[in-house]
Amino acid sequence: AQGDVGRARLLARDPEARKRRDAVLAVPRRLSSVGACFDAASALIEATEAEAAASVAESDAAERAALETALGAGGTGRGAAGAARGSAGQIKELERRQKSRATRAQRDALDRALVDLAGFYRDVLTTLLRAPVAPVHTDTAPLAEAAAEKWTPESTLRRLEAVLACREAIGANVKPRIAVEAMMLALWRG
């Protein structure tokens, strides 16, 4: 959880969150070809989209129902039909805000995944340099040690920089799929 109490609770309580994290930390092993890079990028994007959609779906439905009720949906009488016609703009504005929130949730989920991935490459680098620090991901320490046997410190640092560059690109409003695909290719090349 890297010091994030909310993330620690989520990982402790939600098996799906643990599966998503494990899938992210398995990315370095999956990058064996250009095609595998694009497959891994697609899988990561789809997983973060699903996570984001699940996180906002319930609140979106509740907000819409509350707005429709406030605007007189389901009402009968002389003014109900006119009120329903006039509410289309407010519903459209709510949908716009919800879409924006869903995009933010997806970018946040992707950022969490990238932080986990950066932590893995940091663990590999500290193993290579025999740094006297604890690993970020104690559960994947054997994988980090195996990677340290194959990679040089320079290639590991380039991989870590690729992850950080992807985070920066997404922060600068680059399409997530393009940024992640470029990152996966850089990770594969080392």
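**From values to terms**

Author: The model is a predicted one. Leaving aside neighbours within four places in sequence, L187 is in contact with L31, L117, Y121, R159, A162 and V163.

Reader: What makes these residues contacts of L187?

Author: Contact requires heavy atoms within 4.5 Å, and L31, L117, Y121, R159, A162 and V163 are listed as being in contact with L187 on that basis.

Reader: Which residues touch the most other members of the largest nonpolar core?

Author: They are V180, M183, M184 and L187, in a core of 33 residues. At least two residues of this core are supplied by each of α2, α4, α6, α7 (141-150), α8 and α9 (176-189), and the largest share, nine residues, comes from α6.

Reader: Why is T156 called buried?

Author: T156, which lies in helix α8 (residues 153-171), has a relative accessible area of 0%; the term applies under 20%, and therefore T156 counts as buried. Not counting residues up to four places away in sequence, T156 touches Y121, V124, L125, L128 and W151.

Reader: What makes the approach of the T156 side chain to the backbone oxygen of T152 a polar contact?

Author: The side chain of T156 reaches that oxygen of T152 at 2.9 Å, and the cut-off for such a pair of N or O atoms is 3.5 Å.

Reader: How do you know that the buried residues of α2 are on the same side of the helix?

Author: In helix α2 (residues 15-25), the buried residues are A17, R21, V24 and L25. They cover an arc of only 95° around the axis, which puts them on the same side of α2. These buried residues pack against α1 (5-13), α3 (27-30), α4 (34-70) and α6 (88-128).

Terms used:
Residues are numbered from 1 along each chain as its sequence is written. This is a predicted model: local features need pLDDT of at least 70, side-chain atom pairs count only at pLDDT 80 or more; totals for chains, interfaces and linings use all residues. Side-chain values use heavy atoms; hydrogens and water are left out. Buried means under 20% relative accessible area, exposed over 50%, partly exposed in between (1.4 Å probe, protein chains only). Helices (H or I, at least four residues) and strands (E, at least two) are DSSP runs, numbered from the N terminus. The arc is that of the directions from the helix axis to the C-beta atoms. A polar contact is a pair of N or O atoms within 3.5 Å; within protein, one must be able to donate a hydrogen and the other to accept it, and residues adjacent in sequence count only if both atoms are side-chain atoms. A nonpolar core is a set of buried Ala, Val, Leu, Ile, Met, Phe, Trp, Tyr and Cys residues joined through side-chain atoms within 4.5 Å.
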